[in-house]
Amino acid sequence: MHVHLDGTAPIYIQIAEWLQHEIIADRLQTDEKVYSQYQLAEIFNINPATAGKGLTILLEEQLLYKKRGLGMFVASDAKERILLKRRNEILTKMAQEIVLEAKRLLVSDEELLVLIRKTQEGLA
Amino acid sequence: MNIIQCEELSKSFGRRHALQRITCALDAEKIIGIIGRNGAGKSTLLNIFAGYLKPTNGSCRVFNENPFNNIHTASNMIFIDDQLSFSHYLSLEDILKLGADFYPNWQNDLAYRMLDYAGIDLTLKHQQLSKGQSATFNLVYGLVSRCALTILDEPMNGMDEVIRTDFYRAILKEYLAFPRTFLISSHHLQEMETILEEILLIDEGTVIAHAPLDEFKEQLVLLNGPSEALAELLSEMEVYTQKTVTGTTSAIVNARKLFVSEEILRTKGITVSSLTASEVCKYLTSKKGRDIDAIFD
């Protein structure tokens, strides 16, 4: 497996986000063992300490739990909590950016709403 | 645990001060990038760690001993650079055999596999190799010796981009398989920054930064936005460089002195973006107010 990292965010943040993505997509399920920092280092071609920092973020948010000597596992409510957090934080931030960009481009409020609705229909 | 400890270390060559009062401690089993401009003192420092040069003043301890002329250092350390010389009479195959006799953790199979991958003929003599092949051979030699302290001074000089990418990965895989201390100096910071844990930045013979890579990168940020909105903010900040094009200003500033939140900045149309480690190095080590553009004005 080889996954490419190319975002501008720090690598450990990108690792944390990738793991959350895997949980949302059900590729990592409740009580399943997650990759160790050494496996992540190998997959992403990064220093294991950086990978460890990514795991620590999820551990601190209690999306993962530790079993001594066995590794880290997905917490039971991890998926719901990630979805909720993404809605609250990321979607709000993105909406803010869209509104600001629309203002810069002199797009009216009605036009913007129409655009969003059209986009929704296009993806439905 | 520290593998290297320097206190007030200075080195002069005649009247030239190559290193001035360096104090630093490097942890064992990390991959550390030794970064700096040409002539900053990287190689001198690495040569002192290796026990090849004696400090003029101050102390340097490696494995808790003075490394100079020390057999304990020599047998647990390997120093790879492009001046590494091997016998002119031996084939590469014989050079590997001698390596296997000297280094207890030597991986002969791995050496054969890596050199075969790089397309290097083992019946050749070292002086018959091209510049890039010779660098590749030296790096393989350094990796398969699996020394507790592996010092790579500009190991990728002369290697083409494909083989450089392969061998950064080889360094990482070897580190995962057999954790040890790697000190790597390079001009290609961008290519190797993902495999580094820490960075030691040297400028004009002194250490100007020693930090985990992420922390190092986060110390500077790029601000971009309307000039009027930025002008007031920049007057209170440490600005490394700034440029204005048609009413939009971009500036690189010290992130530790940025006290306004990103949300507030965004409402003023100012964006904050991060820099790569090599950009941070560039701005920290370039003379303030000096710009290549200035000599053409």
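I count two residues as in contact if their C-beta atoms, placed from the backbone, lie within 7 Å. This is a predicted model, where local features need pLDDT of at least 70 and side-chain atom pairs count only at pLDDT 80 or more, while totals for chains, interfaces and linings use all residues. Residues are numbered from 1 along each chain as its sequence is written, and chains are lettered from A and ligands numbered from 1 in the order in which they are written.

**Domains of chain B**

Chain B has domain 1 (2-216) and domain 2 (219-296) (bounds from an automatic or database domain assignment). Taken over C-alpha atoms, their centres are 35 Å apart. Where they touch, 13 residues of domain 1 of chain B meet eight residues of domain 2 of chain B. On the domain 1 side, the elements giving two or more residues include β3 (31-36), β8 (198-203) and β9 (206-212) of chain B. Helices here are DSSP runs of H or I with at least four residues, strands are runs of E with at least two, and numbering goes from the N terminus. β8(B) gives the most to that side, three residues. I get eight nonpolar, two polar and three charged residues there. (Ala, Val, Leu, Ile, Met, Phe, Trp, Tyr, Cys and Pro count as nonpolar, Asp, Glu, Lys and Arg as charged, and the others, Gly among them, as polar.)

**Helix pair α4/α5**

Next I checked α4 (108-117) and α5 (131-144) of chain B, which pack at about 155° with axes 10 Å apart. Axes are lines fitted to C-alpha atoms, for helices over the stretch in contact, and angles run from 0 to 180 degrees between N-to-C directions. α4(B) and α5(B) are therefore roughly antiparallel (an angle over 145 degrees). The contact uses B:L110, B:A111, B:M114 and B:L115 of α4(B) with B:F137, B:V140 and B:V144 of α5(B). By class, that contact has seven nonpolar residues, no polar and no charged.

**Sheet in chain B**

I traced an open antiparallel sheet of four strands, ordered β11-β12-β10-β13 (chain B). Strands pair if DSSP finds at least two bridges between them. β10 (220-226) and β12 (248-254) of chain B pair over seven bridges. I also noted B:G225 opposite B:T249 in β12(B). Helix α9 (227-235) of chain B lies across β10, β11 and β12 of chain B, at about 140° to β10(B).

**Chain B against chain A**

Last, I counted 13 residues from chain B and 13 residues from chain A in the contact. α6(B) supplies the largest share of the chain B side, three residues.

Key: Parallel < 35°, antiparallel > 145°, perpendicular 65-115°, else oblique.
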